[in-house]
Amino acid sequence: MRRREFIGKATAGAVGVGLVGACGGETGELVSTADAAVQGPEIRWRLASSFGERLDILHGTANFIADRVSALTGGRFQIRVYPGGEIVPGLQVMDAVQQGTVQAGFTAGYYYVGKNPALAFDAGVPFGLTARQQMAWVNYGGGLELLRDVYSDFGIIQFPAGNTGMQMGGWFREPIGSLEDLGGLRMRIPGVGGEIMNRLGASVQVLAGGDIYPALERGAIDATEWVGPYDDETYGFHAIAPNYYMPGWWEPGPNITLQVSRAAYDELPPSYQELLKTVSAEASTHMLGRYDVENPRALGRLVNEHGVTLRSFSDDILQAAWTESNAYLEEQAADDEAFRTVYDSWRDFRAQAFPFFDGNEQSYADFAFGQLPDPYMG
């Protein structure tokens, strides 16, 4: 949204509206935070996050949202952020928003496919869209409106508010050479990715983040996926499962969502409603940018200091996963009209985006990315 449009909308029912650090008057001087704050009533919200404080980028973006909302309202709109488990378990955040236990939640839509399978598209599906493509489809390709129809059944309005970027393919105690090596493999992987791995022969388990390392350590699981190098290094999976695979085909660009109680949202003045939209958009670039800085650094440490071996999934694994992933989506679409409505839009977007990115951008990447020495392969 352009700054003038934001200011114009926020002025309704407000006094002295602007943005922190905006220029004032004809001289272009910086205005103070107090002058720039959106004027409005005192509001106090609670926000439940699905993520723990240990995930300083993923969970930290919820704090970023709260801090920005406070700063841009001169402290009048306060959002208190609770890490996963403090109010409700991480995978029950949407329930808390739906029931009015909290006014907002910071979470991923695919955690709640049991409520409606189409919620998977709010985050991402196997062999789905990259971060840029996901943001494009949601914000400008019709995805936002379709997903809001889904969320409306639960009394929630959602705002895209983050993206981790391309995730890694996970940690394996032993190398996986071909598709047949997945047979009987005990792997921690939730959601639709878990469904596909199960179809490929793996024995899928769903464990909370804090339970993964102990399960690896005692041999209860053979492999796990998590997020990417920066977060994975923190959890220390490399000490037990040193084979780090790529790509994370089940999460090529997962979106993180600010879920807001529709009733609480409707009670906000228009200026605060616009502020949530603007700050959520800012949070999306904030999260992705931070991961794009920290992940390469962390991967370098994992390989060069911790002795991790980077490996790629074999072509037969990727091809089988592609086939099963698309079969799964078609099956869901055949069984669920609401799912098909969202899926048709997403599928048509992917059908245009993939060939485009495979052309100009991929040709650049194939040449340019390989021109510099590879710090991860020695």
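A: The structure holds 18 salt bridges, each defined as a side-chain nitrogen of Lys or Arg within 4 Å of a carboxyl oxygen of Asp or Glu. This is a predicted model, in which local features need pLDDT of at least 70 and side-chain atom pairs count only at pLDDT 80 or more, while totals for chains, interfaces and linings use all residues. Residues are numbered from 1 along each chain as its sequence is written, and side-chain values use heavy atoms, leaving out hydrogens and water.

Let's begin with E282 and R68, whose closest N and O atoms are 3.1 Å apart in a salt bridge. This pair links distant parts of the chain, 214 residues apart: E282 belongs to helix α12 and R68 to helix α3 (residues 60–72). Helices (H or I, at least four residues) and strands (E, at least two) are DSSP runs, numbered from the N terminus. E282 is partly exposed at 27% relative accessible area, and R68 is partly exposed at 23%; buried means under 20%, exposed over 50%, and partly exposed in between (1.4 Å probe, protein chains only).

R199 and E331 also meet in a salt bridge, at 2.7 Å from N to O. They too link distant parts of the chain, with R199 in helix α8 (residues 191–199) and E331 in helix α13 (residues 315–335), 132 residues apart. R199 is partly exposed at 28%, as is E331 at 36%.

Back in helix α12, E294 and R297 lie three residues apart, about one turn of the helix. Their salt bridge has closest N and O atoms 3.6 Å apart, and E294 counts as buried at 15% relative accessibility. Elsewhere, salt bridges that share partners join E330, R340, D344, R347 and D348 into one network.

As for the setting of helix α12 (residues 270–304), this helix lies across β3, β4, β5, β6 and β12, running at about 30° to β6. Contact here means heavy atoms within 4.5 Å; axes are lines fitted to C-alpha atoms, for helices over the stretch in contact, and angles run from 0 to 180 degrees between N-to-C directions. These strands form an open sheet in the order β4-β3-β5-β12-β6, with mixed pairing, where two strands pair if DSSP finds at least two bridges between them. Its edge strands are β4 (77–82) and β6 (156–163).
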